[in-house]
Amino acid sequence: MRKKIAVLPGDGIGKEVIQGAIDVLQTVGRYYHHEFEFQYGAIGGEAIDQFESPLPKETIDLCRQSDAVLLGAVGGPKWDRNEAHLRPEKGLLAIRKELDLFANLRPVQSYSSLQETSPFKGDHLEGVDFLIVRELTGGLYFGKPSERLRDNGEEAVVDTLFYKRKEMERIIDTAFQLAKKRNKKVTSVDKANVLQSSKLWRDVAEEVATKYPDVELEHMLVDNAAMQLIAKPQQFDVIVTENMFGDILSDEAAMLSGSLGMLPSASLSSNGLHLYEPAHGSAPDIAGKQIANPIAMILSAAMMLRHSFQLDEEAGAIEKAVKHVLEAGKRTKDLTYQNRFVRTNEMVEEIKEALADDFAILNIMEAYA
Ligand code: IPM
Ligand code: MN
């Protein structure tokens, strides 16, 4: 298989972790005979510096000519004081909108090997395995007006939570489709006791559910969901929610996987061109030090293999390699209290070696089969 992949490293640790994902993909390509061609584009702060735009047209064109997009992270103190349209985060929101990446999949699972540094005791996290499906191109992030204004002479401000019914239908439908292939339960998270948008969301969820008689639907208020994620995370299979709730709940859920550096994501569109990005940000405080955890980015690359290229076996091989490395006690700084930890590039090397070992075993087994 030959595939063209647009690589948008962005800012901060985005650059460090994306290199890890590329190395791992090249390793997988070598073993399984695929050719991945990587082409770089600018986004975020770097793009502001080079093109005076957080999402230059060149980058959009590059993405459109590619089979999938890998994105690192955007943002940093250098651009924090910029006007709204020249902020790195605008580039991220713009690419989501431009490529119609409405469905953000954030799979959460616990790793028993990370128990020691988990804030949760004993076997509290045993068997945690769920998927957050976050709406990504609507809601408060995009609604107009969004501005500072004056109200009867007083300083005031407005953000708008706007959704069309169709936008709700397609994300909730996506969640049901995914639940069908998992444990057949959808938890729809809203704030229907207060918000109009949530009342419609709930109605739409009920309607979509009638198309999936074998999938159970439950509604949960977002404040309760935040609590339930900690109290009993095993109860969830697929969580579907609007943009802002999904943003907040997924950072919370990342801690169930060990750290924010463990949570990958896939941003899917309906036209077949998808984008893969870790759920973490650019972490300017640790950028350039080779101490970032590359696993969220590497697992995002695995999601690309699965969702964009239907390479399930290859994706599984990466996920297995990550598990092996963690079981062997390798830790980046975010996953340990010790002073001894592996650096970003060392973690990548460990994962590549684990891939090589697994591949060798696989070949021996096939030879004897
Ligand atoms: C995420 C990030 C972004 C978001 C920021 C950087 C705009 O937090 O992908 O979760 O809020 O969507
Ligand atoms: Mn976030």
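The questions and answers below go through some local features of a predicted model.

Biologist: Which lysines gather in a patch of positive charge on the surface?
Modeller: A residue joins a patch only with over 30% relative accessible area and no salt bridge. One member, in helix 4 (residues 88–98), is partly exposed because its relative accessible area is 41%. The patch consists of Lys-90, Lys-97, Lys-144 and Lys-164.

Biologist: Which residues of helix 4 are buried?
Modeller: Buried means under 20% relative accessible area. An α-helix has 3.6 residues a turn, so residues three or four places apart point the same way. In helix 4 the buried residues are Pro-88, Gly-91, Leu-92, Leu-93, Ile-95 and Arg-96.

Biologist: Which residue with a positive phi follows helix 4?
Modeller: Most residues other than glycine have a negative phi. After helix 4 comes a residue whose phi is positive, near 55 degrees. That residue is Asp-100.

Biologist: Is the pair of Tyr-31 and Phe-359 stacked or edge-to-face?
Modeller: Planes under 30 degrees apart count as stacked, and over 60 as edge-to-face. The ring centres of Tyr-31 and Phe-359 are 4.6 Å apart, and their planes meet at 15 degrees. The angle is under the cut-off, so the pair is stacked.

Biologist: How many residues apart are Tyr-31 and Phe-359?
Modeller: Tyr-31 is in helix 1 (residues 13–32), while Phe-359 is in helix 11 (residues 344–368). Tyr-31 is partly exposed at 23% relative accessibility, whereas Phe-359 is buried at 15%. The pair links distant parts of the chain, and the separation is 328 residues.

Biologist: Which residue forms one aromatic cluster with Tyr-31 and Phe-359?
Modeller: Rings pair if their centres lie within 6.5 Å, and by this rule the count comes to six aromatic pairs. The cluster with Tyr-31 and Phe-359 also holds Tyr-32.

Biologist: Why does the salt bridge of Asp-247 and Arg-134 tie together separate parts of the sequence, and how many residues apart are they?
Modeller: The closest N and O atoms of Asp-247 and Arg-134 are 3.7 Å apart. Asp-247 lies in helix 8 (residues 243–254) and Arg-134 in strand 5 (residues 129–135), so the bridge joins parts that are 113 residues apart.

Biologist: What is the N to O distance in the salt bridge of Glu-155 and Arg-148?
Modeller: Side chains of opposite charge can pair when their charged atoms come close. Glu-155 is exposed at 57% relative accessibility, and Arg-148 is exposed at 68%. Their side chains meet in a salt bridge with an N to O distance of 3.1 Å.

Biologist: Which residue joins Arg-87 and Glu-89 in one network of salt bridges?
Modeller: The side chains of Arg-87 and Glu-89 meet at 3.3 Å, N to O. Arg-87 is partly exposed at 25% relative accessibility, and Glu-89 is partly exposed at 31%. Salt bridges that share partners bring in Asp-80.

Technical notes. Residues are numbered from 1 along each chain as its sequence is written. Chains are lettered from A and ligands numbered from 1 in the order in which they are written. This is a predicted model: local features need pLDDT of at least 70, side-chain atom pairs count only at pLDDT 80 or more; totals for chains, interfaces and linings use all residues. Side-chain values use heavy atoms; hydrogens and water are left out. Patches are made of residues with over 30% relative accessible area and no salt bridge: like charges are joined within 9 Å, nonpolar side chains (Val, Leu, Ile, Met, Phe, Trp, Tyr) within 5 Å. Accessible areas come from the Shrake-Rupley method with a 1.4 Å probe; for residues, only the protein chains shown count as cover. A salt bridge is a side-chain nitrogen of Lys or Arg within 4 Å of a carboxyl oxygen of Asp or Glu. Lys and Arg count as positive and Asp and Glu as negative; His and the chain ends are not counted. The place of a charge is taken as NZ of Lys, CZ of Arg, CG of Asp or CD of Glu. Helices (H or I, at least four residues) and strands (E, at least two) are DSSP runs, numbered from the N terminus. Buried means under 20% relative accessible area, exposed over 50%, partly exposed in between (1.4 Å probe, protein chains only).
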